[in-house]
Amino acid sequence: MKKNYFFFLLLTLFALPSLVHAQEVVSGSVADESGEPLIGVNVLEKGTLNGTITDLDGKYSFKVTKLPATIVFSYIGFAEQSMDITEGGTIDITMAEGLGLEEVLVTGTRTAPRSSTSTPLPIDVVSAKELTATGQNSFDKALTYKIPSFNSVNTPVNDATSLLDPYEIRNMGPSRTLILINGKRKNTSALLYTQTSPGRGETGADISAIPQGAIERVEILRDGASAQYGSDAIAGVMNIIMKKNATDGSITFNAGITAEGDGETYGVAFNNGSRIGKNGFLNYTIDLSKREQANRPGTVDADGEIADFTGGTDEDVAFVKEFLSRKPDAGNINGSPETTAAKFALNGGANISPNTELYGNGAYVYKKVNSFANYRTPYWRTVEAFPYLQDFFPDGPNGQYDGYVPTFDGDLNDYNGTLGVRNAKNGWTSDASFTVGGNEQTYLVRNSHNRNGTLNPDSTFKYRENSPLIFDVGGTRFTHIVGNVDITRRFSDMIGIGFGSEFRSETFTIIEGTESSYEDGGPDSFSGNDPRNSGSFNRYNFGGYFDVALDLTDDFLINGTVRLEDYSDFGSAFVWKASTRYKLADDKVTVRASASTGFRAPLLHQIYTQKAQYSFIPGKGIQVGGLINNVSREARLLGLPQLDAEKSTNITVGLGFRPNYNFSLTVDYYNIAVEDRIILSTEIGATDAGDTALDDILAANNLSDLSFFVNALDTRTSGIDFVASYRNLMVGSGKMAVNLSGNYTIQNERDGDVKNPTLVSEAGQTVSNATQEALFFTSRPLYKMILGLDYSISKFAVSLNNTLFGPTTFRQQGLEAGLYTEFKPAVVTDLGLSFQASETVGVALNVNNLLNVLPEWEFKADSGSESLLNDADFLQNQSNLITFNQRYSQMTYDGYHFSQLGTILNFSLNVKF
């Protein structure tokens, strides 16, 4: 019944009669200081949403609602201007460059856009120029070095995870940040992280696949926004705005290499714009790139290998040491995998009538990654146990078997597209759109074998010596279809409303592998998808929202939003948000606050994924465990509950200070409580008694353990963000800008007991142990600060960026109780040099990690366990446990806090036309 009232209210508001005033036409043109027309300048009647944007010739025309009026002109990268008028007529404006992008805002409200100095919500806005200046070769890594609360880093293990690195805002995991493109929802990735590393059990949209050359700016709302945008927006929202330039074009050639001489990168990016008719535009980007492998293995400890893989005889010791004398890294290849990518994006729009615009955008990305599993040494996979390996892999000295390294080839296809219509009539503004998107990842394992022993009727082995060496292990696919209708209206200077609805259909597909890839455990490194666990799974949801903004005075704003969503698979969710802002001291000081509730629907990946999983178990090497889904027969036998939505409560309080045009400062406190957080459990092993349903399932499927998804935790995360900027400092004949920003985590921890299913608690185990909780709460920096200095003089520009990564802590599986690892705080310095040789040609050199700072970790002990740190032999043993005998000595098997590749040089040549 409540839902009926809600939608009746929306229909009633849509039918409200408009308030019509006597109107006068204001028209003119807007150009930059060189006389070039500016396209897309916002032209607004102050205190209303009435206005327009300039066309491809920099011209505009609209009717003001009343006189006298103030007309405001604003545009990215230019100083805002205003003009008081008492009558209609022509106003031609010349805009000067210099506006700080932090003053521009689209995300964060469903009514009128506002600047970040007056919004009740914390916003980061990063331009394309700033992203490029980082010198990073992917969008997600560029954001890591620009936004303190944003983190992304390569995972230590490069199999399926090499196609997409987990990222997160405010240490909340990748699935709690909503990604938009031009304000429309981006599809999530098909990949589900299942390794024991940051992001475990989650996924997010593949933002690394978006070509940087297609991006005009990025807006990051650092606040819960489920009421405005729906599921996933617990930590915040990232809105990627695509370029709309219709006249300029450029081509950029880039190349790079690490200081170690590997990881070479080559690329070309082409961006161009074209007019469509008299008032339309089309901007398109093609980005082609190749990154070679960068390898950073450790020196393997012989004693650890002997203890883990041999009986310790003199012959065993000699065999291991001889092998490691030739291959000190035990043949392991880990670091940054070989990656080839082709990216295409377009953005367009055209007025089809004086008050109606047709718009659209789309992107397609193909990415291929070639990576490696751990090298199977000849004393790990021995010819005594598998005699046929001599014939399969005769690659050692004198044609002898010397082990092998399984390869992992991943193919990623990602696409998204939106088509929509915007209309302004009688004071109402409407936006109707249709969005499609998808992500598919398929995998091929090479140079491996199915080593298990199923017999044919004639008593020969089906696999082993008859095994293929190449396996199609299947993959996953995610698609969605989204329809949106958004309507806004400003009735007066005091009140504006917005309302709308969204329909979304999602489909998750598990693509089965060939029989040899899943039967008897599949290839030795990565098991394929069994057809019994494969198929397509769909759900849909329908939601609506209502938003109202009240400007009680010029200084005091109140904004409220409510939203109702109904899902086909788990029911309904009602959420709300309230925010306020008050300006003081002639608008130089802003006090703001917000409170909201939110939700995150369980991912289809989390509900339906079921597979055998190869995992590293300290002291036991690579073991095969099982991941079972919550709607399976096995889940019913074990009494596992079905997944429900996460629920959240967000509180943000902030202060903005802008004493003059050049200086600004914002400080925001946030507090996020999540109830029934969904996690992928730790590995649950056999019971001591050995006679439970759990033991039966493990034995029947030849598994060492199993894991599953469960609403297991209530958590609380709090912290402080601050951003300070001072620009236009005159230094000699040039100008300098100084930017200082940071994030500090006050609290990030479990709130209350773990909600263990009965099966687990009766077995004396837990779904969330210390290893898991370290990944959830302390695997990202405790604090992070960025100090940026930008200096420009004539045709030269220099940028010096210093990023302080605070400590991260892990409690790796197998460590002695009371012992943990901490990655030490470190400062990474990036230097950028650029020279504009002419109006059309520019060159740039970026030296990322100028001082070659590498992640460093050390053992730490809890209070009362300090004596553990005094035993060097014990610590060496513990170190071997968590680094796979030093294969991952620099970052351990669970993760690290910034890149392990060291100094990277990048050169680019940009030609405009």
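This is a chat about a few local features of a predicted model.

Trainee: Which residues form the nonpolar patch on the surface?

Mentor: I651, V653, V667, Y669, I720, Y744, I746 and L782. Together they have about 630 Å² of accessible area.

Trainee: And which strands each supply at least two residues of that patch?

Mentor: β33 (646-657), β34 (663-680) and β37 (734-750).

Trainee: Where is L782 found?

Mentor: In the loop that lies between α13 (770-777) and β38 (783-793).

Trainee: New topic. How do β16 and β17 pair, parallel or antiparallel?

Mentor: Antiparallel, over seven bridges. β16 spans residues 250-258 and β17 spans residues 265-276. The two form a hairpin with six residues between them.

Trainee: Which residue in that turn has a positive phi?

Mentor: G261, with a phi of about 90°.

Trainee: Which other strand is β16 joined to by nine bridges?

Mentor: Strand β45, residues 904-912, and that pair runs antiparallel.

Trainee: What stands opposite G256 on each side?

Mentor: In β17, T265 stands opposite G256. In β45, N906 does.

Trainee: On to the open sheet of three strands. What is the strand order?

Mentor: β40-β41-β44, with antiparallel pairing.

Trainee: Which strands stand at the edges?

Mentor: β40 (808-810) and β44 (857-861). Each has a single partner strand, so one side of each has no neighbour in the sheet. On average, neighbouring strands here are turned by 35° against each other, direction ignored.

Trainee: How many bridges join β41 to β44?

Mentor: Five, and the two strands run antiparallel. β41 covers residues 819-823. One of the pairings puts Y820 with K860 in β44 as its bridge partner.

Trainee: Which helix lies across β41 and β44?

Mentor: α14, residues 872-883, which runs at about 120° to β44.

Trainee: Last one, T514. Where does it lie?

Mentor: T514 is in the loop between β26 (495-511) and α8 (515-518).

Trainee: What is the relative accessible area of T514?

Mentor: It is 35%, so T514 is partly exposed.

Trainee: How many residues apart in sequence are T514 and F393, and what is the distance in space?

Mentor: They are 121 residues apart in sequence, and 23 Å apart in space, C-alpha to C-alpha.

Terms used
Residues are numbered from 1 along each chain as its sequence is written. This is a predicted model: local features need pLDDT of at least 70, side-chain atom pairs count only at pLDDT 80 or more; totals for chains, interfaces and linings use all residues. Side-chain values use heavy atoms; hydrogens and water are left out. Patches are made of residues with over 30% relative accessible area and no salt bridge: like charges are joined within 9 Å, nonpolar side chains (Val, Leu, Ile, Met, Phe, Trp, Tyr) within 5 Å. Accessible areas come from the Shrake-Rupley method with a 1.4 Å probe; for residues, only the protein chains shown count as cover. A salt bridge is a side-chain nitrogen of Lys or Arg within 4 Å of a carboxyl oxygen of Asp or Glu. Helices (H or I, at least four residues) and strands (E, at least two) are DSSP runs, numbered from the N terminus. Two strands pair if DSSP finds at least two bridges between them. Axes are lines fitted to C-alpha atoms, for helices over the stretch in contact, and angles run from 0 to 180 degrees between N-to-C directions. Contact means heavy atoms within 4.5 Å. Buried means under 20% relative accessible area, exposed over 50%, partly exposed in between (1.4 Å probe, protein chains only).
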